[in-house]
Amino acid sequence: MPKISVCIPTFNRIKLLSEAIQSVLQQSYQDFEIIVCDDGSQDGTPKLISQYTDKRIRYIRHSQHIGKSNNMRSGFKAATSEYFVKFDDDDRLTPNFLERTAIVLERESNVDFVSTDHWIIDINNIRDDAKTQENRERWGRVNLPEGVVNNLLEVVFVKQSFQIGATLFRRRCLEEVGFMRSNWQNCEDNDLFVRLALAGKNGYYLPELLMEYRVHSEQKGLDRAIAYLTDKLRYLDSYNFESEKLECIRRKRLAETRLLLGLRLLEKGETHKGREFILAGKSFAPMKAWTGLGLSLLPTGVRGKAFELAKMVQR
């Protein structure tokens, strides 16, 4: 039985998937299995996988699209190892990721997972030092010390410091919380970290850049933003924290998300639904809300340009 299960969920990313797989095969730590779970790709992914001869690579193919978190759950269910990591098909692990994180779990018996820092790379695999530093500052990793995180719920919910693809878990701790929830497309990683913190699990931060997170055009677009904000509402609605401080932050983020979702829906032309969300979230930014409601009076065909102009003015 291998020590580490590396799960790579994929969907129509044949050009980047091979790089993700190669980043695991090139690890300094070689006691692993790779589980590629394919959510019904139609781009030749099965043929790509058939070309690999390494018996540590296991392939799970779903005949139809079952959804992001359901696909991840299939890979997790197939895992056999003591440790588990899941990273996306457009990202990569640095050569020492498994070795450096496994050392921590071997040494710290009370630690349930270890999360690292990560690089930002572009579609051509070029590391962007400026964006990497900006990302570290934005998500609160710059001043996060190495070691067991004492205020884990604040780190994973308020600061959202951890990236799931840059984290090695003890598989049993994921089993205890049920891993990813079924039928989620976005925010499933944030949700998992919060549930781990609420369950009293111990997280360790290793301040080394050991994973590469890719930023590219597929992650953008109006429809993608609407789907993300819709799932973010579900994520934020899933909790009711005992801490009044955290509850205040959660309610504020709910209002912000409702407002942003309403604006995006108006931009797309879903006027009635968009107005409902804007009115529900107007407390977050009243001026922005009234601007959006005013723009909703415009004909659908010209709204897109009007919203773009409004965004430029607000910057």
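Is Asn125 buried, partly exposed or exposed? Asn125 is partly exposed, with a relative accessible area of 23%. The structure discussed here is a predicted model.

**Asparagines with positive phi**
- Asn125 belongs to the loop that runs between β6 (113-121) and α5 (129-138).
- Although Asn125 is a residue other than glycine, its phi has a positive value, near 70 degrees.
- Asn12 lies in the loop between β1 (4-10) and α1 (14-25).
- Asn12 is not a glycine, yet its phi is positive, at about 55 degrees.
- Asn12 is partly exposed, and its relative accessible area is 33%.

- Helix α12 spans residues 286-295, and Ala289, Gly292, Leu293 and Leu295 are buried in it.
- These residues cover an arc of only 160 degrees around the axis, and therefore they lie on the same side of α12.
- An α-helix has 3.6 residues a turn, so residues three or four places apart point the same way.
- Met287 and Trp290 are exposed, and they sit on the face of α12 turned away from its buried side.

**Thr271 in helix α11**
- Thr271 is part of helix α11, which comprises residues 271-281.
- Thr271 has a relative accessible area of 17%, and it counts as buried because this value is under 20%.
- Leaving aside residues up to four places away in sequence, Thr271 touches Leu266, Ser296 and Arg303.

Key. Residues numbered from 1 in each chain as written. Predicted model: local features only at pLDDT ≥ 70, side-chain atom pairs only at ≥ 80, totals over all residues. Heavy atoms only, no water. Helix = DSSP H or I, 4+ residues; strand = E, 2+ residues; numbered from the N terminus. Buried < 20%, exposed > 50% of the residue type's maximum accessible area, 1.4 Å probe, protein only. Contact = heavy atoms within 4.5 Å. Arc of directions from axis to C-beta.
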